[in-house]
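Open the model in your viewer and keep the sequence panel beside it. The stops below say what to select next and what is there.

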Amino acid sequence: MLTRGKDGIRKPNPKYVLHASISNDLVEPSCYSQAIKQEQWSRAMSDEFIALQRAGTWTLVPPAPWMNVLPNKWVFCIKRKSDGTIDRFKARLVANGFHQQEGVDYGETFSPVVKHSTIRLILAVAVNFRWPIRQLDVQNSFLHGYLYEDVYMK
């Protein structure tokens, strides 16, 4: 059995890790009211909202008393390049799913993820056939699946 230890892969010692100081204006905001005051975060939220509209992920409906309407939250992240410089500011609008009720808002949970062995296999095939390999960073992605339950979000 191969392990990281047998391959000489060690977790870096935190006391030897380089630390880059980040100025206060480059801190990820924790809420909407902080983010809307800064142009780069406002632009990131606008880009996310436009992407959601283009994808047709939702329909605006008036709330009814029987609906379990979930609150939402903006999640912010600074994406950096390998050299530590800022690549872009990313904002995601997410539903606070912990307010959902089983049987009302969802029946089962499933999140498809790719296995590392699949990635290694595809890379090995590409190398074997000398195919060019390029890195791709997807700014917005939506799963090709259908929800059979109606989920309501503020």
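What percentage of the 154 residues in the protein chain do buried residues make up? Buried residues make up 15% of them, where buried means under 20% relative accessible area, exposed means over 50%, and partly exposed lies in between (1.4 Å probe, protein chains only).

Before selecting anything, note that this is a predicted model, in which local features need pLDDT of at least 70 and side-chain atom pairs count only at pLDDT 80 or more, while totals for chains, interfaces and linings use all residues. Residues are numbered from 1 along each chain as its sequence is written, and side-chain values use heavy atoms, with hydrogens and water left out.

**Whole chain**

Start with a cartoon view. The protein chain has three helices and four strands, in the order α-α-β-β-β-α-β from the N terminus. Helices (H or I, at least four residues) and strands (E, at least two) are DSSP runs, numbered from the N terminus. Of the contacts in the chain with a separation of 6 or more, 61% are between residues 24 or more positions apart; a contact means heavy atoms within 4.5 Å.

**Helix α2**

Select residues 39-55. This is helix α2, with 17 residues and a reach of 24 Å from its first C-alpha to its last, close to the 24 Å expected at 1.5 Å a residue. The expected span is 1.5 Å times one less than the number of residues.

Now show the side chains of Gln40, Trp41, Ala44, Met45, Glu48, Ala51 and Leu52, the buried residues of α2. Look down the helix axis: these residues fall within an arc of 140°, so they line one face of α2. The arc is taken from the directions from the helix axis to the C-beta atoms. An α-helix has 3.6 residues a turn, so residues three or four places apart point the same way.

What covers the buried residues of α2? The cover includes α1 (32-35), β2 (72-80) and β3 (86-95). Turn to the face of α2 directed away from its buried side, and you find the exposed residues Glu39 and Arg54.

**Salt bridges**

Next, select the charged side chains. Side chains of opposite charge can pair when their charged atoms come close. The structure has three salt bridges, each a side-chain nitrogen of Lys or Arg within 4 Å of a carboxyl oxygen of Asp or Glu.

- Select Arg43 and Glu39, whose side chains meet at 3.7 Å, N to O. The two are four residues apart in helix α2, which means about one helical turn separates them. Arg43 is partly exposed at 45% relative accessibility, and Glu39 is exposed at 51%.
- Select Arg92 and Glu48, which meet at 2.6 Å, N to O. This pair links distant parts of the chain, with Arg92 in strand β3 and Glu48 in helix α2, 44 residues apart. Arg92 has a relative accessible area of 24% and is partly exposed, whereas Glu48, at 5%, is buried.
- Select Arg88 and Asp87, a salt bridge of 3.7 Å, N to O. Arg88 counts as buried at 15% relative accessibility, while Asp87 is partly exposed at 40%.

**Aromatic rings**

Show Phe, Tyr and Trp. How many aromatic pairs does the structure hold? There are five. Rings of Phe, Tyr and Trp (its six-membered ring) pair if their centres lie within 6.5 Å; planes under 30 degrees apart count as stacked, over 60 as edge-to-face, and the rest as tilted.

Phe49 is partly exposed at 34% relative accessibility, and Trp58 is partly exposed at 39%. Then select Phe129 and Trp131: the ring centres are 5.2 Å apart and the planes lie at 20°, so this pair is stacked. Phe129 is exposed at 52%, and Trp131 is partly exposed at 48%. Finally, select Trp41, Phe76 and Phe89, which form one aromatic cluster; Trp41 is also one of the buried residues of α2.

**Cysteines**

For the last stop, select Cys31 and Cys77. Cys31 is partly exposed at 26% relative accessible area, and Cys77 is partly exposed at 28%. A search of the whole structure finds zero disulfides, a disulfide being a pair of cysteine sulfur atoms within 2.5 Å.
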